[in-house]
Amino acid sequence: MSIDERQVLFGRDAELATLTAFLDGGDRGRAWLAEGPAGAGKTALWSVGVAAGRQRGLRVLACRPTGAEARFTYVGLGDLFGAVVPPLLDLLPAPQRRALGVALLLDDEDTVPDQRSIGVAVLAVLRELARSGPILVAIDDLQWLDRESAVVLRFVARRLTDEPVRFLMAARTEPDCAVESLVPAERTTRVALAGLSVGAVHRLVQAALGVALPRPVLRWVCETSLGNPMHALELARGLGTGGAPGADDVVPVPRTLREILDTRLEVLPDSVQRTLLATALAVRPTVAVVRGAAGARARVHLEAAVDAGVVTIAGDLVRFVHPLFAAGVVARSAPELRRRVHRRLAADGEPEERARHAALAADGPDEAVAATLERVADRAAARGARAAAAELAELAVRRTPPGDDAAARRRRYRYAVFSWQSGQPAAARAAAEEILPHTPPGTQRADVLQLLSNLGTETIERDKELCLAAAREAAGDPVRSGWSHGCLARLQMVTNDLPAAAASLQTALALADRAGDFALQVYSLSNLAGILDWSGSPDDPVFARLDAIGDTEGLFPVYDTPDFVLGLTCMLQDRMDEGRAHWLRLIAAAETVGDEESRQHLLGHLTELECRAGDWARADAVANDMWQAAEQLGTNVQGSPQAFRAMVDAYLGRAEQARAWATEGLRRCEEIGNTAFAVHNRCVLGFVALSLGEPAEAVRVLAPLPAWHQRGGWREPTIFQFWANLVEAEITTGDLPAARCHLEVFQDCADQYRRPLGLATAGRCHGLLHTAEGDPAAAFAAFDVALEAHRSMYGPFEEGRTRLALDAAQRRVKRRREARESLEAALAIFDRLGARLWADRAREELGRIGGRAPATGRLTPTEERVAALVAEGRTNREVAAALSVTVHTVEANLTRVYHKLGVRSRAELTLRLTRQRP
């Protein structure tokens with residue numbers, strides 16, 4: 001088993017790669033040392049290395065010293081060698097035997113052993129043990145290894161030459177402490193463990209605690225813990241099922257940091273600690289701000305805190321050495337003292353800062369404070385600071401005096417909106433549901449109903465009812481009513497009713513024109529243009545109006561902008577670079593303003609684009625980000641994220657995973673009524689069946705889709721990728737009448753849109769059908785049409801399928817050489833992409849032609865390295881770890897090696913390389 005198969009660490013791929021290279025001898029080093037603060041994951045890496053060393057057949061000598069043992073002499077040496085030395089003592093000269101026996105407490109002599117004699121003896125023992133196989137000396141918490149043992153081991157390490165002895169170490173580092181390796185620096189690989197990324201913290205928390213934190217909360221955990229795995233887990237565990245601590249909540253400090261903080265603070269006077277409290281509570285703690293809150297001697301107090309290692313001062317800016325130190329200072333203070341400091345901080349600064357401090361200085365409801373918070377929350381939302389707006393709005397709710405129900409509802413509604421926009425839908429839904437029963441009819445009730453529809457309920461039909469109810473409540477307000485109709489259109493589209501969706505958007509557009517509302521006009525035009533395009537009306541005047549739209553940045557969630565529709569159009573028209581640029585720009589914009597829902601949707605569509613473009617490694621990475629975002633938002637229950645995740649696995653040949661994702665996605669889509677993404681999941685299931693050589697299953701899954709497509713008013717032939725796969729499956733099962741019927745509809749749509757993917761795959765289907773009907777001339781003509789269309793396409797996968805299909809037609813008329821060329825071209829495409837199932841099929845067809853494929857040239861350096869490691873008996877995963885590449889890259893290179901060398905198995909490859917060696 002290779003290291004990365006253990007799945008015990010998150011976000012440490014680079015570190016695991018260096019550890020694998022060290023254990024395999026690929027880095028020419030004698031030692032590997034992991035360094036980092038407490039809780040960074042050093043021991044976890046060290047433990048994985050020990051286990052992997054044993055799996056590789058290394059003899060492991062391990063010790064794990066503690067701080068309490070550091071003052072005892074030779075305790076580390078005893079842990080390492082106490083069990084292996086006794087049988088070897090008689091092999092040592094008398095002085096070495098006596099010295100080592102005394103050091104390891106095997107002899108009760110009162111004489112103090114000579115340290116050099118001990119070192120020579122240990123060196124002799126290691127050399128003797130190494131005669132039987134490689135040795136791994138593994139020491140965790142190197143900083144606590146007793147001095148005498150460290151001196152002996154350094155003596156030994158400097159004198160080892162070609163012996164197969166390696167040192168695996170882990171050490172805790174503190175800001176003022178550097179641990180010295182036992183092995184000379186030039187032969188030590190030092191790995192400094194940085195903080196985990198947000199994605200790695202997400203996976204860690206989910207694996208350990210079984211929860212997916214909302215992304216804003218996850219960011220808070222990551223920033224507050226500095227990505228330290230242990231501290232992140234403690235913070236997440238302290239949060240429970242709630243969100244990030246509120247502005248006036250006390251943050252729980254992890255025990256390990258609390259002990260350090262208490263030690264450093266206890267020696268500081270109370271005046272310094274009060275100055276530190278002002279620093280901790282300030283939004284932007286400059287020396288001037290802290291002086292205003294803590295008094296004229298603040299600078300002197302801060303310098304004392306610098307000397308104690310609690311804060312740093314860079315220019316005028318004051319920072320705690322760790323974010324949790326600030327939380328610890330706050331936790332140690334009395335509530336009344338905190339309110340007093342907030343009161344002083346409220347005297348200066350930006351309006352948002354002053355309002356926040358004023359709210360935290362109040363010890364109860366205060367209408368003036370609440371009204372100010374409401375205004376600054378709106379201002380924060382307007383500038384894109386949505387998480388800050390949600391926090392300020394929540395404070396406004398808390399400070400609203402009892403009895404003012406209208407103000408309380410209004411402010412809680414704002415809190416719900418800002419929470420939704422900042423990626424906390426659960427909090428938003430709870431707030432909206434709380435106020436709905438108490439909201440009077442009219443526009444206020446329309447707003448709450450529309451928000452609940454946008455957040456999503458148990459079914460899409462229920463969401464549509466909420467939209468219609470919102471439109472009725474807002475009948476006298478054209479803008480609100482228009483937004484309700486516009487949102488209804490999207491729900492009608494995913495429930496497969498394009499005519500109804502277009503009608504709703506026309507209504508929304510008319511209301512927008514009547515009110516002169518630019519944002520609603522843009523939304524309506526963008527979505528209407530997409531629907532008209534997909535339903536076969538690309539010449540509608542709407543497109544001219546849309547082209548005349550200017551800058552729309554900041555109008556509404558970026559997922560609803562014209563750029564999104566344009567990106568989707570570019571993908572369908574095979575303008576992949578342009579579409580990718582649009583969506584990457586929108587993803588960056590969503591990240592900037594904290595629009596997590598738009599970000600997740602865009603990552604899903606970018607996944608599909610990369611799949612179509614043929615960059616499947618990139619698609620895999622984007623799909624992982626998309627799925628994490630869906631888990632953080634709670635949208636992973638909707639079925640659409642599963643469709644995108646399944647798509648990548650299906651292309652990469654991970655049939656079992658793809659089927660699991662798509663089956664789960666289909667179930668969830670059917671539960672909530674999302675028929676559009678139910679079809680996407682069916683498309684994946686049909687493609688997987690076809691890839692596995694199960695055409696009857698593909699027909700079963702895909703057969704209902706043509707009627708669904710036509711019933712919903714769709715004309716665009718490739719937005720749902722089922723037509724070509726269904727026709728091919730029907731031809732393979734022998735149902736030629738059904739295939740011809742469906743192909744006629746597909747070809748008609750492809751001719752209308754003239755998009756490369758539709759023309760190419762329809763041409764291939766005609767070639768397959770003519771081949772099955774025994775008309776080779778018509779088949780070759782159809783394949784020529786398909787290949788011509790492929791030449792203008794971005795992604796090569798479908799071309800590989802076309803060349804694979806062409807092979808069958810060529811073999812039927814005995815064109816064996818041309819058939820081999822077609823198969824070899826298809827195989828090269830599939831191998832380059834990592835399409836394992838289709839590469840296997842092409843390789844199988846090559847075997848049926850007979851003979852062996854000729855060598856096609858010299859191996860590249862990467863292919864040579866892959867071949868050499870495989871010939872050593874390593875698995876593909878082990879080769880990938882040694883070369884710091886993906887397993888798919890190894891498989892693709894290995895396939896090319898087989899083809900170039902004319903071999904068919906690992907055994908043949910090993911024999912071939914063995915014969916080539918001198």
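**Strands, burial and cysteines**

Modeller: Let us start with a pairing: strands β3 (residues 135–139) and β4 run parallel and are joined by five bridges, where two strands pair if DSSP finds at least two bridges between them, and strands (E, at least two residues) and helices (H or I, at least four) are DSSP runs numbered from the N terminus. The model is predicted, so local features need pLDDT of at least 70 and side-chain atom pairs count only at pLDDT 80 or more, whereas totals for chains, interfaces and linings use all residues. Residues are numbered from 1 along each chain as its sequence is written, and side-chain values use heavy atoms, with hydrogens and water left out.

Colleague: Which residue in β4 is the bridge partner of isoleucine 139?

Modeller: That partner is methionine 169. Strand β1 (residues 31–36) is also parallel to β4, through six bridges, and there alanine 34 stands opposite alanine 170.

Colleague: How many disulfides does the structure hold?

Modeller: A disulfide is a pair of cysteine sulfur atoms within 2.5 Å, and the structure holds zero. For cysteine 487, the nearest cysteine sulfur, that of cysteine 467, is 5.4 Å away, and cysteine 487 is buried at a relative accessible area of 16%.

Technical notes:
Buried < 20%, exposed > 50% of the residue type's maximum accessible area, 1.4 Å probe, protein only.
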